[in-house]
Amino acid sequence: VVIEAQPPNVFNEAAKRAVLKFKYKPRVENGKPVSVPHVQHLISFKMEKK
């Protein structure tokens with residue numbers, strides 16, 4: 001879910017596609033994987049001038 005974007009709705013779909021490629025090892029407590037709610041990532045796009 002995109003929480004905030006500047007400019008709005010321009011890179012939302014590209015950001016979502018990028019996040020789908022992320023891989024994580026689960027957090028482990030007492031030898032068992034546990035959920036980690038409310039994780040957020042800042043995704044930035046930089047345009048090159050040609």
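**Exercise 1. Describe the order of helices and strands along the chain.**

Read along the sequence, the pattern is α-β-β, and the secondary structure amounts to one helix and two strands, where helices (H or I, at least four residues) and strands (E, at least two) are DSSP runs numbered from the N terminus. The model is predicted, so that local features need pLDDT of at least 70 and side-chain atom pairs count only at pLDDT 80 or more, while totals for chains, interfaces and linings use all residues. Residues are numbered from 1 along each chain as its sequence is written, and side-chain values use heavy atoms, with hydrogens and water left out.

**Exercise 2. Locate Tyr24 and decide whether it is buried or exposed.**

Begin with the position: Tyr24 lies in the loop between helix H1 (12–19) and strand E1 (27–29). Next take the accessibility: Tyr24 counts as exposed because its relative accessibility is 55%, given that buried means under 20% relative accessible area, exposed over 50%, and partly exposed in between (1.4 Å probe, protein chains only).

**Exercise 3. Compare the radius of gyration of the chain with that of a compact globule.**

For 50 residues, a compact globule would have a radius of gyration near 10 Å, by the rule of 2.2 Å times the number of residues to the power 0.38, with the radius taken over C-alpha atoms. The chain itself has 15 Å. Taken along the principal axes, its C-alpha atoms fill a box of roughly 50 × 20 × 15 Å.
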